[in-house]
Amino acid sequence: MLLAELLKKSRDYLHSLAVIEIHRRWFPLSSPSLKDAGTAPYAVNAKGHLAWLKGRHSLWLGQRITAPATVQGYSVAGLSLRLDLTWWADQAIVYVNGQAVHQGDLFDSSVSLCLAETVIPGQTWEVVLHLVSPAHEDGALVRSRLRFESPTGVDPHFVATELNILELFGGMLNPHPLEPLLKKILESQGQRPLLDALLAEIHGRMQAIATPLREFTIHLCGHAHLDLAWLWPIAETWQVAQSTFRSVLQLKERYPELTFTHSTPALYAYLQTHTPELFRQIQEAVAAGWWDVAAGLWVEPELNLIDGESIARQILYGQQYVQQVFGEISAIAWLPDSFGFPERLPSFLAQGGIRYFVTQKLRWNDTTRFPYGWFVWRDVAGAEVNALMSAPIGEGIDPVKMAAYAQEWWQQTGSQRSLWLPGVGDHGGGPTAEMVEQVRRWQHLGGIGPQWQWTTVRQYLDQLSQETPPTQQWQGELYLEFHRGCYTSHGDQKAAHDRAQRQLQQAERWCALAAITTSFAYPTAELKTCWQQLLFNQFHDILPGSSIPEVYAEVNPIWQELLTKTETLLDTAQRALCKSINYGEPPGAGAIPVVIFNGGVGDRAAVVSIDLAQLPQNVSSWRVYAPQGEYNLPAQLNPPQGCLTLLTPEVPGIGYTLLWLCPESRPDPLPTPPLGYVLENTYLHVEISPTTGEITNLYDKLNHRPCLGDRGNQLQFFRDQGQYWDAWNIDPHYQQHRLPGATLEAIEWVTWHQLEQRLRVRWRFQSSWIQQEYVLQYQTPWLRIDTAIDWQEEHILLKAAFPLAICAEQITCETPGGVTVRPTLPNPRLSAHEQAKWEVPFLTWVDLSTPEYGVSLFSDCKHGLDAQANQLRLTLLRSPTWPDANSDRRLHHFSYGVFPHRGTWQEAEVPQQATQFNLPLRGAIAAANSSGTLPPHAQLLHWSDDCIQCLALKQAEDGQGWQLRVAEVAGQGRTLELHSTLIPWHIKGQQTLLETAAGNLDSATLNPWQIQTFRLSP
């Protein structure tokens, strides 16, 4: 017999002496009593599970367990007896002799119960299980067995485990000295005196053989992954956090060696306010050095769908809080469960004082295995962090699994130090007494393999960096080849988030400008509260749309409150400016001043609509007068839409200009729309099909070329089902299941005049209706598509396709803090990892270009797309049913646009155009004031280079001056030179995200792609 076969046979034999499978002995119960047991055992399915229907149905199972005298001839008298159970159930209660001894759920899904410390043959236990199936899938009792172990020394199961580890490391060890002992084991016939002596001898020999394995160390740190919301409401999270942290603190009293790590400053802040005594104990634990605060971000957010400034604030407010309450910032960005990571994240982390990035999520890839475990993650601007692809979270203590991971880690990184994170997770829980006891027993008995050592994550990473600095480098995004549906699911959440995010940033910007130029008091506390609300809702199971409906019942009022508060702050700040303007004399009787605000960087003219409810009702037409230049502007009264539409003059970037609305007596009727469905301005000629409602011609008039390769804005429907992670995953084969399209019901002009042409199209699809308005405005180089959909479908994917008259191998997507270049597919020449990017995220724009010509798509809240060499296809809606049965079944409002252009995206200034698409000029009706001190036309903050994007203008956290954060978005390098007609801006120095001094204090130069913060004084 070969030695490898002998090892395996010996291991299996020893295992059979210690374990009794009892899975087929459970009887169904009609009540919580064995007296009501059925006549036949519960059936086992093809997977070996005891399964029952989904939908939170109860299942009662029971059996009477009797301790045998021997197992395969091996006497078990005096050994300990444990009952090992694993389930897939929403709720699990284990009763032994009528007493509830353990409760679990989907996340705390296994237990090893000690039935007897010392077995007496013939002893019996009545065990009853009450299991409740998950709502979304069938429940299952996965495993049930009895396991015997020695309370004082090695036993068959212990030695079988050691033999398994020996097999794992067989290539570096010499197990031949065991051969005669293994043969004796197989010949022992289970005679305990003989076998126990053999076990002790073989254990001793294995310790000598496995001496090289003692050079390996597995560092242990307890962990309790706690999603702030997911399959439970937010309100429950607070209670779970308290019970988890109390459990950890109590465990530490029993087991002084224990260490623990936890992230999420938002959670600590809640405990500080609501359970101050518990929080004080946590502070003491942190100060004592055994509780690790791996909390570089306010929450563990979804990072693909939030913009760069939100990432900056996650870090700023997370680090600020941690330093205030725990004494120092966190060196770790702990993000084990977020659904992919944008390529500019290293810049944000490095500027936030974070040295280590930790995740394990790329282990979930569905196509390729991520190649590195310990590497330098570098971004295009040169920023670097050390990155750890950690062991899986939510694990217990399993010597074989841990040894296998240590071996994998060593082969991947060359390091003999690995990190293991024991603890029940997702719904909290953390390390258990059983886990720590298992560690103690293994160490006490001298189990072979790597040494085990409790440590903190920070200590481990510092030691690893010192001894084994990462030599491998990754540049680019960490794309998760999974959960691609999260870019789209629960579209209402994306829409609310994006609107709140934009509005908050604008409110903050204008509050700063108003505070500098008027007596307006900067609302520090209100803005910070708004930011923390936004950051919390960016959590990686809220914003992606992967939570239960109860979570969104909690979150939706917060969105509404946030939108209301930020609109109030924005309006109040701009009205403070309005009150301080000297309007001079009105140009005529009844003239009404209106101030136009531009929150973007570049100067721009645009079409603006004024609500007629704010104007006198008896005026038949209006003339719009611009005092800056003394000329009249085009305007159109539009009673059917309830607005006055006007064209503004060039409004200064981050500035304002005054206009006057002058009443006129001449009628101002709306022009009659032409026959046919053609929209046209200086830039574009657009033809809409009267039979399908799609774009049949999109012609670029400036560059004299058609843009489409086929009908544009094709609404395409696909069956999208069969995925276990329903809200998370798009069916990879959805394109094979295209459905018949929508039926055109109506097409009509809404308005047609010089300043705006708006054509409405309405379709019916199954139980849903879709209404879109094609909008082309005066002197605007893009076609906007305003969309309203009453979506009532299940497991259907909706996309809008734009076949193009150009062909390219790459697309450029806006991603947080910059851009990401991705391949068009299919392309068999690409790596498997690149080919796995068949659905990708973006923020507000995506571009497909050749050096000569390109087309961009803009979006206000849609973030998923796929791209072929000659097509961009935007993902509009999904309709999963788990974990929210009505996830997207509601009314949706959103807009997207198409922008043809000459040259590359940089030459066409696509980022600036997308900003204008999503940030319209604002008009405020003002009260005439001739005593103000501000001029009627002002540039409050300006720089000449539009390739420098403004991320934030805010008051410094210390109240001393102002913080300006910018990003160079074209990859060409720039110098920031500030100008203003009102404010004498002075750059006092470069800052980190944490608003401490950094770099060259006098330099205002930005390297290509650089994100930089400056301290300003007005």
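**Close-up 1. Surroundings of R711.** Not counting residues up to four places away in sequence, R711 touches E694, I695, A801 and P803 (contact means heavy atoms within 4.5 Å). The model is predicted: local features need pLDDT of at least 70, side-chain atom pairs count only at pLDDT 80 or more, and totals for chains, interfaces and linings use all residues. Residues are numbered from 1 along each chain as its sequence is written, and side-chain values use heavy atoms, with hydrogens and water left out. R711 sits in the loop between β34 (705-706) and β35 (714-719); helices (H or I, at least four residues) and strands (E, at least two) are DSSP runs, numbered from the N terminus. The side chains of R711 and E694 are joined by a polar contact of 2.2 Å. A polar contact is a pair of N or O atoms within 3.5 Å; within protein, one must be able to donate a hydrogen and the other to accept it, and residues adjacent in sequence count only if both atoms are side-chain atoms. R711 has a relative accessible area of 33% and is therefore partly exposed (buried means under 20% relative accessible area, exposed over 50%, partly exposed in between, with a 1.4 Å probe and protein chains only). S689 is 22 residues from R711 in sequence, and their C-alpha atoms are 8.9 Å apart.

**Close-up 2. Surroundings of N681.** The loop between β31 (678-680) and β32 (684-688) holds N681. Its relative accessibility is 10%, so N681 counts as buried. The N681 side chain reaches the backbone oxygen of T780 at 2.8 Å. Apart from neighbours within four places in sequence, N681 is in contact with K701, L776, Q777, Q779 and T780.

**Close-up 3. Packing of helices α14 and α15.** Helix α14 (residues 524-537) packs against helix α15 (residues 549-579) at an angle of about 145°, and their axes are 10 Å apart. Axes are lines fitted to C-alpha atoms, for helices over the stretch in contact, and angles run from 0 to 180 degrees between N-to-C directions. The crossing of α14 past α15 is left-handed, a term used if the near helix is turned anticlockwise from the far one by less than a right angle. On the α14 side, E526, L527, T529, C530, Q533, L534 and N537 take part; they meet V555, I558, W559, E561, L562, K565, T566 and L569 of α15. By class, this contact of α14 with α15 has eight nonpolar, four polar and three charged residues; Ala, Val, Leu, Ile, Met, Phe, Trp, Tyr, Cys and Pro count as nonpolar, Asp, Glu, Lys and Arg as charged, and the others, Gly among them, as polar.

**Close-up 4. Helix α2.** Of the 13 residues of α2, 10 are buried, so the helix is largely enclosed by the rest of the structure. The buried residues are P156, H157, F158, V159, A160, T161, E162, L163, I165 and L166. At the start of α2, a side-chain oxygen of D155 comes to within 3.0 Å of the backbone nitrogen of H157. At 1.5 Å a residue, the 13 residues of α2 should span 18 Å, which agrees with the 19 Å between its end C-alpha atoms; the expected span of a helix is 1.5 Å times one less than its number of residues.

**Close-up 5. Helix α11.** In α11, the residues M435, V436, V439, W442 and L445 are buried. Their cover includes α2 (156-168), α4, β13 (217-220), α5 (234-254), α10 (399-413) and β22 (451-454). Just after α11, G446 takes a positive phi of about 70°.

**Close-up 6. Start of strand β56.** I1011 belongs to strand β56 (residues 1011-1017). With 2% relative accessibility, I1011 counts as buried. Leaving aside neighbours within four places in sequence, R344, S347, F348, Q351, G817, L951, R965, V966 and A967 are in contact with I1011. V969 is 42 residues from I1011 in sequence and 8.9 Å from it in space, C-alpha to C-alpha.

Close-up 7. Q189, a residue other than glycine, has a positive phi near 55°. Q189 is in the loop between α3 (179-187) and α4 (192-209) and, at 60% relative accessibility, counts as exposed. H795 is not a glycine, yet its phi is positive, at about 55°. H795 lies in the loop between β39 (783-791) and β40 (796-803) and is buried, with a relative accessible area of 16%.

Close-up 8. L825 and P826 are joined by a cis peptide bond with omega about 0°, and P826 is found in the loop between β42 (818-823) and α16 (832-835). From W882 to P883 the peptide bond is cis, with omega near 10°; P883 lies in the loop between β47 (871-877) and β48 (890-902).
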